[in-house]
Amino acid sequence: MSGAINGGVAFTQQADALRQRLGTLLPSDRWTDTLGEVNNWGFAVAGAKKDSLLQSIGQALLETMQDGRDVRHFQRQFAAIVTREGWTYRGPIGWRARVIFETNLGQSREAGKWRQITEARAAGRDLWVRYVATMDLATRPEHAAWNGTILPPEHPWWRTHSPKNGWGCRCTVLMVSPGMLRREGWKVSDQAPPVEIEDRTINTAAGPQRVRVPKGIDTGFGHSPGQRPMDALVPRPAGEHPLVTLGDMTAGDANAVPRIFGTPSPVPPPPAPRVVPPQKILPGDLPAEEYVKRFLAEFGAAPGKPALFRDVLGADVLISEEMFRDRRTGDLKVTKRGRAPTILLAAQALLDPDEVWTSLDVTGDGKGGQRVRLLRYYLAWFTTPDRRRTGFALFEQGIGTWRGVTSFEPSAGEDERKGLAYLERQRRGVLLFRRGE
């Protein structure tokens, strides 16, 4: 198991681990937006909000890794990417690129090693895992004390102490076979090193927040970058939160997931509403199919002919009639609650939004567990001679594109205040775009 950070072609599982994370792009305002194990689930760069920016940085990392190039090669690519994207970031460019490079390639390397360990374990092999620290004057005292610890791969100590364990941490894990134990004269540890939990305060978009982190581990780490595949081999209580380490960090508060993932406090007031052209309000007696057809036509799509639309952030969103079908029955739901005549306001929210938000959504999966999704909300505020109106479009991140979930005017056929309150509840997570900013 090898794969150097600076030079050396990545092994298969290492590249696969990074490639899988790149399938889910996590925009953020700051590094605390995507704290802990959330980073195992997707790819984030602190302060990077645009999909195109995240995708370009991630692809540069993957190509550098696969080609066995060093950090200097990535720094040159990074400089070209941020110039092209017009991204303003914190810190000197060389330092910022090195942090991104070493952290992501190091975490991918460790995730790849855990995939190898999991594969070997699933094949029935007897093995253990050894903590390996670089023993020199720059090594943290706690990491040096953990050096040589040998435990079964299922041991819970690895869930919080598997490297990397901090910025610039050079520790790693080593898969140990029975033969290696005999040759090296190593012994399996009688017990795991003691775990001392510290309370720390971090500054999030929602204000100061207390988190719990093992002593000797930097805040934001304290989770195994590759433990998730091992979870399949370890029985877990039904309904346990999938982001288990983040739950541990917040004393089991599952609501902390969307709270840590952004949401400024207080949320800024919505932009002033725009005047709706009369032709954007359709007659109330059209067939359901006609309303859907009119909506799709705004994006060059048609029933049975989906289309890709490039949004204000440069992301590809898939427009199709499935947005208006009940996923259980397949029936069109466009006429629900009298929303059909204002369906073009929902299209306008996507074409020309006032705000775009993204957040993690944690829901039941119907099997006693929980499902984590990344959602994107397109919001728009309008006014007509009779009242205030709103537009809403919801998309879920898929592989390479955002898939439409639904789109409607929340206040159509309802009390205006209820519609505005509905939209207000969607203003959570990370604010990606705001008109005029």
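Two strands are said to pair if DSSP finds at least two bridges between them. In this predicted model, strand 1 (residues 128–132) and strand 2 meet that condition, since they pair in the antiparallel sense over two bridges.

Helix 5 covers residues 93–122, a run of 30 residues, and reaches 43 Å from its first C-alpha to its last, which is close to the 44 Å expected at 1.5 Å a residue. Just after helix 5 comes G124, a residue that takes a positive phi of about 90 degrees.

The surroundings of R96, leaving aside its neighbours within four places in sequence, consist of V45, A46, F78, W87, Y89 and R90, with which it is in contact. With A46 there is also a polar contact, in which the backbone oxygen of A46 lies 2.6 Å from a polar atom of the side chain of R96. A further distance concerns Q75, which is 21 residues from R96 in sequence and 8.8 Å from it in space, C-alpha to C-alpha.

T103 is likewise found in helix 5, and T103 is buried because its relative accessible area is 19%, a value to be set against the cut-off of under 20%. A polar atom of the side chain of T103 lies 2.8 Å from the backbone oxygen of V99. If residues up to four places away in sequence are not counted, T103 touches K164 and W167. K164 has its place in the loop between helix 7 (157–161) and strand 3 (172–176), and a cis peptide bond, with omega about 0 degrees, joins P163 and K164.

In soluble globular proteins, nonpolar side chains tend to be buried together. The largest nonpolar core here has 37 residues, and those with the most contacts inside it are F295, V317, I319, V334, I343, L350 and F395. Several elements give two or more residues to this core, among them helix 12 (288–297), helix 13 (343–351), strand 8 (316–319) and strand 11 (388–397). The contacts of L350 show how parts of the chain come together, for L350 is in contact with F299, F309, V317, I319, Y378, A393 and F395, leaving aside its neighbours within four places in sequence. A second, separate core of 25 residues includes A15, L18, A48 and A60.

Strand 11 is mostly covered, with nine of its 10 residues buried. Six bridges join strand 11 to strand 12 (residues 402–408), and the two strands run antiparallel. Within this pairing, the bridge partner of Q397 in strand 12 is W402.

Methods
Residues are numbered from 1 along each chain as its sequence is written. This is a predicted model: local features need pLDDT of at least 70, side-chain atom pairs count only at pLDDT 80 or more; totals for chains, interfaces and linings use all residues. Side-chain values use heavy atoms; hydrogens and water are left out. Helices (H or I, at least four residues) and strands (E, at least two) are DSSP runs, numbered from the N terminus. The expected span of a helix is 1.5 Å times one less than its number of residues. A nonpolar core is a set of buried Ala, Val, Leu, Ile, Met, Phe, Trp, Tyr and Cys residues joined through side-chain atoms within 4.5 Å. Buried means under 20% relative accessible area, exposed over 50%, partly exposed in between (1.4 Å probe, protein chains only). Contact means heavy atoms within 4.5 Å. A polar contact is a pair of N or O atoms within 3.5 Å; within protein, one must be able to donate a hydrogen and the other to accept it, and residues adjacent in sequence count only if both atoms are side-chain atoms.
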